[in-house]
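Reader: Please take a close look at one part of this model, the surroundings of the ligand. I would like one connected answer.

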Amino acid sequence: MSVHDRIEKSTRDFLTEHPGLKYSFFGGKGGVGKTVLAGAAALWYARQGKRTLLASTNPVHSLTGMLGQDVFGKPTLVEGESNFWAYEIDTKDTIEESKREIREKIEWFLKYADIKARAEEFVESATMNPAFEESAMFENMIDLMFEDEYEVYVFDTAPTANARRLLGMSDVYSMWVNKMVQSREEAQSLKELLSYSKKKEKDPLMDYLLTFRDRMQHAKELLTDESLTAFFFVTLPEALPIAVVQRFLTWFEEFGIPVGGVVVNMRIDPADLGENPPEFVRNRIEMQREYMEEIWKRFDNVRAIVPLFQNQVQGTPMLEQTARHLFSA
Ligand SMILES: Nc1ncnc2c1ncn2[C@@H]1O[C@H](COP(=O)(O)OP(=O)(O)O)[C@@H](O)[C@H]1O
Ligand SMILES: [Mg+2]
């Protein structure tokens with residue numbers, strides 16, 4: 001019996017059950033093949049005739065490298081394809097943009113509340129932390145989703161910790177924003193009561209809070225809808241990547257974020273070897289065999305096993321080859 005026969009529900013079976021799947025994510029430890037598998041999935045969707053965007057919020061230029069084509073800064077049609085667009089989001093730009101927005105809000109608020117302080121200090125403390133960068137990336141991603149210009153979105157490097165945290169926190173956000181809105185309303189009506197003109201003042205902070213809350217709620221709706229969204233986790237037949245996937249699965253299940261399943265990458269297929277493989281290869285195969293057992297024991301949602309290729313995966317012909325394994329029946 002081949003390892004593939006142990007797969008209960010393949011990627012293909014899963015997609016048959018989820019014909020309207022629109023947002024796919026690939027998560028896992030660094031170097032396990034997230035970018036490659038996201039690329040293969042996107043190519044496959046595009047070749048099914050769906051207008052597909054492969055997007056990366058990864059600051060490292062991974063898509064450009066994999067496709068051998070500059071896709072940085074704007075959605076770019078992949079050479080030789082008619083439905084496959086790739087887009088490496090300019091992180092620096094987003095972060096500057098968010099900083100500018102926050103500075104405006106803070107300046108407005110300080111003026112409104114008649115506080116004599118320099119906005120700069122507040123801007124610094126609001127933006128000088130790694131979570132800010134992560135949130136900017138998340139915002140970027142949901143912007144793309146809300147623009148809704150593609151039929152299928154595949155996101156390279158799932159903002160895994162981020163999605164979990166933000167979605168887990170979105171109820172807390174909502175509560176917090178509602179509370180803010182309530183006290184803003186009270187302050188507003190008090191101000192109106194005291195002023196002679198009954199004209200309602202525009203309140204940009206309130207607008208911002210309301211928009212933010214609605215965006216978060218909408219993002220949560222899309223990202224927790226299992227007919228639309230699936231997070232796939234990539235592992236190798238090795239200890240550390242398995243542990244990472246295990247942890248993600250536990251988190252995601254806890255938060256009700258839909259899991260598409262587990263993809264095993266870079267398995268050495270013993271059938272590919274000649275008569276007398278060198279000892280280190282035999283050792284590696286034995287090690288992988290043990291970790292495959294571990295994978296079957298821990299995960300009941302393995303969807304595909306992709307072999308280790310002779311070369312790294314670059315260009316659409318190699319992505320096509322990868323897709324054949326990812327979507328093999
Ligand atoms: N099945 C495979 N066989 C051979 N090389 C692979 C395979 N999957 C990925 N690679 C290569 O491994 C490296 C890491 O893959 P990548 O997709 O960039 O990982 P990640 O995005 O998880 O960091 C890349 O050079 C890629 O081409
Ligand atoms: Mg990557």
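Author: Helix H2 (34-47) and strand E7 (259-267) each supply at least two residues of the shell around ligand 1; helices (H or I, at least four residues) and strands (E, at least two) are DSSP runs, numbered from the N terminus. The model is predicted, so local features need pLDDT of at least 70 and side-chain atom pairs pLDDT 80 or more, while totals for chains, interfaces and linings use all residues. Residues are numbered from 1 along each chain as written, chains are lettered from A and ligands numbered from 1 in the order written, and side-chain values use heavy atoms, without hydrogens and water.

H2 gives the most to the shell, with 3 residues. Of the 16 residues around ligand 1, those that come nearest are Gly31, Lys34, Thr35, Phe309 and Val313; a residue is near if one of its heavy atoms lies within 4 Å.

Next come the polar contacts (pairs of N or O atoms within 3.5 Å). A backbone N or O atom of Lys34 lies 2.8 Å from an oxygen atom of ligand 1, and a backbone N or O atom of Val36 lies 3.0 Å from an oxygen atom of the ligand. Gln312 has a polar side-chain atom 3.0 Å from a ligand oxygen atom. Taken alone, ligand 1 exposes 560 Å², of which the protein buries 79%; accessible areas come from the Shrake-Rupley method with a 1.4 Å probe.

Gly28 lies in the loop between strand E1 (23-27) and H2. Gly28 counts as buried because its relative accessibility is 14%, where buried means under 20%, exposed over 50% and partly exposed in between (1.4 Å probe, protein chains only).

Notes
A polar contact is a pair of N or O atoms within 3.5 Å; within protein, one must be able to donate a hydrogen and the other to accept it, and residues adjacent in sequence count only if both atoms are side-chain atoms.
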